[in-house]
Amino acid sequence: MAHLTVKTYPSEVLNKIAAPVKTFDDGLKTLAADMFETMYSESGIGLAAPQVDRSIRLVVLDLAAGTEEQGSHQLVLVNPEIIERRGDVVWEEGCLSLPGILGKVKRSRYVKVSATDLDGNPFEVEGEELLAVALQHETDHLDGILFVQRVSPLQRKFLIREYTRKQNEERYGSPDGPTF
Ligand code: ZN
């Protein structure tokens, strides 16, 4: 298994609508395995293919990531589509493509998703609370939407500013960017 590079905001691939998966080959299975590996090493619970620079409709999830049960609840969704949603929930979300910031996002409390597995067999998955939020967050990635686009414009401005300061600090050792 290989560790993949996670693309961070403002990478263009994160804004693109990902293409449906049409070929269910070994390459797809390898990509899914590599995405799990990458997700675990970055301490995420979900990862969408566009985040590793592959603009296709593939998502991996493991809500038990980082616990003793890591690996036993793996969920792979190919071409997922939300077919039912109910209720509202506000959840504090983070994203491996926006490291260092968290934002409160209003989502549906319950969703039902139809998808296929890595062999193209259709199935449905239902989720509430955290699973529902994760399913919505990841399917958003396939439509080029980041969680900061699901908050108010004012909150978005604040979050992006905070993110930029953190990125600058990491890159240049100063929140204001490079110094000359
Ligand atoms: Zn994300």
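Because the model is predicted, local features need pLDDT of at least 70 and side-chain atom pairs count only at pLDDT 80 or more, whereas totals for chains, interfaces and linings use all residues. Residues are numbered from 1 along each chain as its sequence is written, and side-chain values use heavy atoms, with hydrogens and water left out.

Begin by selecting the zinc ion together with Cys95, His137 and His141, whose SG, NE2 and NE2 atoms respectively are its protein donors, at 2.1 to 2.3 Å; donors are N, O and S atoms within 2.8 Å of the metal (3.2 Å for Na, K and Ca), and since water is not among the atoms, sites may look incomplete. Along the chain the donors follow the spacing C-x41-H-x3-H. Cys95 has a relative accessibility of 9% and counts as buried, as does His141 at 1%, where buried means under 20% relative accessible area, exposed over 50% and partly exposed in between (1.4 Å probe, protein chains only).

Next, select the whole of H2, of which 12 of the 14 residues are buried, so that the helix is largely enclosed by the rest of the structure. Among these buried residues are His137, Glu138 and His141. Just after H2, Gly144 takes a positive phi of about 75°.

Move on to the aromatic rings, where two pairs are counted. Tyr9 and Tyr163 have ring centres 5.7 Å apart and planes at 75°, so this pair is edge-to-face; rings of Phe, Tyr and Trp (its six-membered ring) pair if their centres lie within 6.5 Å, with planes under 30 degrees apart counted as stacked, over 60 as edge-to-face and the rest as tilted. Tyr9 lies in the segment before H1 and Tyr163 in helix H3 (residues 153-172), 154 residues apart. Phe36 and Tyr40 form a stacked pair, 6.0 Å centre to centre with 25° between the planes; both lie in helix H1, four residues apart, about one turn of the helix, and both are buried.

Finally, select Ile45 in the loop between helix H1 (26-41) and strand S1 (46-48), a residue that counts as partly exposed at 30% relative accessibility.

Notes. Helix = DSSP H or I, 4+ residues; strand = E, 2+ residues; numbered from the N terminus.
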